[in-house]
Amino acid sequence: MLGSGVDPGAPVRRRRALALCIVVLIAGCSANASQAGNHTGGTTGKPGYLVYWDQNEEVDFASMPSGRQGQLMPAWDLNGQMCVLPDGSGRFVGGLDPTLPNQRNPGGVKPYKEPAIGEELNQRNGSFSGRVLYVPGPYKLPGQSVGDDSPPDASGVFNGNSTYTGCVFTHGGNLLATDIGTAQGTFPVPDNGRLVEWFAPSYTSYCIVDGPTAGGVGPHHVDGTGGLSQPGMLALTDNGDALLPEAGNDQVLRVDHTSLPASAADCPGGLLPQGKLRTSVFFQGSSTMLPFPNGVALDKTCDCFAVSSFFGNPSIAWFSQSGQPEPGRPPVPGETLAQLGLDPTGYNPFGLAFAPDGTLYFVDIHITCKNNNLADGCGPQDYGGRVMRVSFTDHRPGTPSVVHAGFDFPTSVTVCVPAVQSCPYPTGKIVSPASGPSENGLPPVGPATQRPATSGFG
């Protein structure tokens, strides 16, 4: 993700979509590696559970309770929430952005996936399936024949106007995904984000459920106005409504599932007619309570939801299915604005997920401030991202502990339970997660061919 606030002394890499709602904060994220494999793999019926996270545009995992870690998908474009298909195949999707040569990263030498922007579909062993779920349009990378509806920005970058971040499968198996638009380190936070739906079982037809209604480019008003203001990760309530954090408006929206289109026939021209979608405010943040919500996850031990915010004290709090504070669930402390980025041991939650036993996992994007001064600008620390774990005693959260650290801008975590569903898992030798300066040292050269990527590991 490109954005402002790149440290000229750090390796050049993609800056990720964190548009923190303060003018002094310049946020950003992401960077990319590869391997060979077949299209098998996956694990079913095993005890324990798997925790996945994205970082450096690879997907890593930890097997619990052993804690063994490895790469599921070596770095090659995936940057956002990972969602496992509900069809028992063990396949998964995640936000796709092209890995650019100037990221000096192993993923930057791999062929570009076609089209450049969307939700990539991957096999259960972590390999690319060869398919991208996308919104059709005329904009494509050189050498490609399939385009999407998001044009390159003024500098020619193909992820400056559209970036998919959150995802969730509905009870009917359709995929919902959030596109943050241009909310990539800018303030005020723009309102050009979108909610897009792809329909099961083929996921070839789509509908822009919510998005810009004026200005911008093309019939979908890409980079226009009137859409969502930095939409984040997604979750479902028990009745199937979608919970959608909207960080730019300090709120979590509740999307009425009965107002979602059932098929492309309900969405003429790929746009849900205005007025059809029904939403309500599930939670309204404030300067003292989750002021910038971006993560939400179901906690099955209480059948309630945890909501996270990059900054604020608390940083994670629990809410009932109706959006009321959940009684008997103390929050996880956080950093106030005055404390933001000043404590090297502090944490700034983004995406989160729960294990079956109630253990909470969350991504710490680890904001730091130049010269320990809030006014100098703050943002995610290079190689400072962490996956953290919170255990509970009588529903009281313990101090968050580090599962793994040293990442370039992780954004989300996903938990999969092999006893319940087929979970993605690599074949062959387990490779340790990769991150750090050594992964960002390649020459700034692009792929050897302009031909679109095919299935496999690149």
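Reply: A disulfide is defined here as a pair of cysteine sulfur atoms within 2.5 Å. This is a predicted model, in which local features need pLDDT of at least 70 and side-chain atom pairs count only at pLDDT 80 or more, while totals for chains, interfaces and linings use all residues. Residues are numbered from 1 along each chain as its sequence is written, and side-chain values use heavy atoms, with hydrogens and water left out.

Me: What makes the disulfide of Cys83 and Cys167 right-handed?

Reply: The sulfur atoms of Cys83 and Cys167 are 2.1 Å apart, and the torsion about their S-S bond is about 105 degrees, so the disulfide is right-handed. Cys83 belongs to strand E4 (residues 83-84) and Cys167 to strand E9 (residues 164-169), so that the pair links distant parts of the chain, 84 residues apart. Strands (E, at least two residues) are DSSP runs, numbered from the N terminus.

Me: What is the handedness of the link between Cys416 and Cys423?

Reply: With -90 degrees about the S-S bond, the link of Cys416 and Cys423 is left-handed. The S to S distance of this disulfide is 2.1 Å. By the distance rule, the count comes to four disulfides.

Me: Why is Met64 called buried?

Reply: Buried means under 20% relative accessible area, exposed over 50%, and partly exposed in between (1.4 Å probe, protein chains only). Met64 has 8% relative accessibility and therefore counts as buried. Met64 lies in strand E2 (residues 58-64). Leaving aside residues up to four places away in sequence, Met64 touches Gly48, Tyr49, Val51, Tyr361, Arg389 and Val403, where contact means heavy atoms within 4.5 Å.

Me: Which residues touch the most other members of the largest nonpolar core?

Reply: A nonpolar core is a set of buried Ala, Val, Leu, Ile, Met, Phe, Trp, Tyr and Cys residues joined through side-chain atoms within 4.5 Å. The largest one has 26 residues, of which Tyr49, Val51, Trp53, Met64, Tyr361 and Val413 touch the most other members. Among the elements that give two or more residues to this core are strand E1 (49-55), E2 and strand E21 (360-364). E1 gives the most, with three residues.

Me: How do you know which parts of the chain are tied together by Cys207 and Cys267?

Reply: A disulfide joins Cys207 to Cys267, with an S to S distance of 2.0 Å. Cys207 lies in strand E12 (residues 206-210) and Cys267 in the loop between strand E15 (251-255) and strand E16 (279-284), so the pair ties together parts that are 60 residues apart in sequence.

Key. Helix = DSSP H or I, 4+ residues; strand = E, 2+ residues; numbered from the N terminus.
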